[in-house]
Amino acid sequence: MGWFDATFKTFGITLKNLFRKPSTVEFPAVQRERAERYRAASFALLHDENGEEKCIGCKFCEWICPSQIIAITATPKRESPFTGKKRGYAEDFTINLQACIVCELCIQVCPEDAIVMTRDTEQPGFSREDLVLTMDKLYANEKTTRLSWHTGAGLMEMQNPQRGQEKPAAAGAEDKPA
Amino acid sequence: MSELMLNPWIRALFWGLVMITGVMTVTAWSTWFERKFAGRMQSRMGPTLVGPLGLLQPIADACKLLQKEDLVPDSADRALFNLAPVLTVGFAMGVAAVVPFTPTMLAADLDVGVLWLLALSGLMVFPTWMGSWASNNKYSLIAAMRAVAQGISYEVPMVLAIMVPVIMTGTLSLSDMVADQQKNGWLIYRLPLTGLIAFVIFFLASLAEANRIPFDIPEAESELVAGPTTEYTGMKFGLFYMAEYIHTLLSSAICAAVFFGGWDGPIAPGLHWMLLKSVILFVFLTWVRWSFLRLRSDQLMNLCWKYAVPATLALIPVTAFYTVYAAGKGGV
């Protein structure tokens, strides 16, 4: 009579659930904290400690982007007002999120740690234009959204051995003097 | 007022309007109830956003369905296609005419209420078949074939099961049945307890007739597109669903009347008891729906022809012999 018991067990289980607190988190009203390393929303461009734009307009990210959604116009090199060194600047920087596959390759290649992803959950928009991140929006994101921890250098540090280095032969090999 | 109500035409018109409005309203909010209930059974919330506790959700749903584009396939038979959803609601609603809520509150106190009931639920398969045939879609036709096979098969135990109360009370009129139960005890516990078994089978059969889980094979929500109603959009589709809910609600009401003594009960007026019993049965039905899996097609037919039909066939002579025996002893 296995099926007979099972029938009543089924009723029991559903009845028990009926009086249990629902496990639903009512999303738009209540937002759960994202995982620490979550990074899949939008992008931001950063300033350095002097308040100068970090991006030097090297176009590495434009070149590596698999869906070719980054468009950069670079200026000729000129002297930085803060350090006096000659460096490039990006005149225009556009990311079209409509086709972004969130591969974060742009962040990995950035030599200046100028671009990061943000941790804010969704980026819905009412028009296609809302999904095109212009340079202004990207710099505004630095101030208004929560940024994720990972920059190009941050990701590099995670890798052991570091990129371009030989894997150490043994665990103690590095400690020995050369 | 009361003299007017003695005129059967006026009485039918009045109670018909009340019944249609009432049944439509209750149907709308039974969808809310079912979604809420199902949600809580699955540790979800159910509708919450529209109105307090999501209570206005049925209105929102209706508005949504009315706004949808009304599509008729090119190759469809337009007249039949449009007629089917109307008929299905009509047939489902027709059953409401004979449901005895109180001795005075019923649209038509037919002498052959049971026959009317069975005839209309037998007709329920026609709109299904009509709709799928008219939509000229082979998949909906296949689904309709299964629906009709199921409907017709379960018609047999349903008819046989309701013969047991008919024999026990000796009448085909639903209101007389309730009156008899008021006098001699509810059929669900009256000796020789065949009423209980008949109730279980009748309940199962009416579940199967309404194509509800665990018998919703023709229109398996999670797997098939929409079975016989594949080609329907907007409110026409809504009408099929409304018919399903009306059918379910009225099945509960009829079970309450035939097996649970209808308006019979202490203290409170009859209508309250009748409604309470119907609601309890409807809740139980919903509980069944959200507790079980779908049967396989062959299991469905097995259950019908190998268990339900022989069981009811056995019940009828047992009941008949007992009734005659008890009458001879000067009992019932």
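1. Let's start with a pair of facing residues. In this predicted model, T73(A) stands opposite D92(A), a residue of strand β3(A). The strands β2(A) and β3(A) pair in the antiparallel sense, and eight bridges hold that pairing. Follow the chain through their hairpin and you will pass six residues between the strands. One of the hairpin's residues, G84(A), has a positive phi near 80 degrees.

2. Now look at the other partner of β3(A). Strand β3 covers residues 86-96 of chain A, and two bridges join it to β5(A), again running antiparallel. Here N96(A) is the residue that stands opposite V132(A) in β5(A). Put together, three strands make an open sheet in the order β2-β3-β5 of chain A, with antiparallel pairing. Which strands stand at the edges? They are β2 (70-79) and β5 (132-133) of chain A; each has a single partner strand, so one side of each is left without a neighbour in the sheet.

3. A helix belongs in this picture too. Helix α4 of chain A, residues 135-144, lies across β3 and β5 of that chain. Its direction makes an angle of about 100 degrees with β3(A).

4. Step back and view chain A as a whole. You can count five helices and five strands in chain A, and along the sequence they follow the pattern α-β-α-β-β-α-β-β-α-α. Of its 178 residues, 19% count as buried. Take the contacts in chain A between residues at least 6 apart in sequence: 74% of them join residues at least 24 apart.

5. Chain B is built from helices: it has twelve of them and zero strands. Its radius of gyration is 20 Å, close to the 20 Å that the globule rule gives for 332 residues, so chain B is as compact as a globular protein of that length. Along the principal axes, its C-alpha atoms fill a box of roughly 65 × 50 × 45 Å. Buried residues make up 43% of chain B. For contacts in chain B with a separation of 6 or more, residues 24 or more positions apart account for 77%.

6. A general rule is handy here: an α-helix has 3.6 residues a turn, so residues three or four places apart point the same way.

7. Next, look for the largest nonpolar core. It holds 75 residues, and the members that touch the most others are V99(B), F202(B), I246(B), C255(B) and A257(B). Helix α10(B) gives the largest share of this core, 16 residues. Leaving out residues up to four places away in sequence, the contacts of A257(B) include V99(B), P100(B), L174(B) and M274(B). There is also a second, separate core of 22 residues, with A41(A), L45(A), C55(A) and A90(A) among them.

8. Is S252(B) buried or exposed? S252(B) has 25 C-beta neighbours inside 10 Å, and 20 or more are needed, so this residue counts as buried. S252(B) lies in helix α10 of chain B and touches S278(B), L281(B), F282(B) and L285(B), not counting residues up to four places away in sequence. D298(B), found in helix α12 (residues 297-328) of chain B, is exposed, with 8 other C-beta atoms within 10 Å. Between D298(B) and G122(B) there are 22 Å in space, C-alpha to C-alpha, and the two are 176 residues apart in sequence.

Technical notes
Residues numbered from 1 in each chain as written. Chains lettered and ligands numbered in written order. Predicted model: local features only at pLDDT ≥ 70, side-chain atom pairs only at ≥ 80, totals over all residues. Core = buried A, V, L, I, M, F, W, Y, C linked by C-beta atoms within 7 Å. Buried ≥ 20, exposed ≤ 12 C-beta atoms within 10 Å, placed from the backbone. Helix = DSSP H or I, 4+ residues; strand = E, 2+ residues; numbered from the N terminus. Contact = placed C-beta atoms within 7 Å. Rg over C-alpha atoms; globule rule 2.2 N^0.38 Å. Pairing = 2+ DSSP bridges. Axes fitted to C-alpha atoms, helices over the stretch in contact; angles between N-to-C directions.
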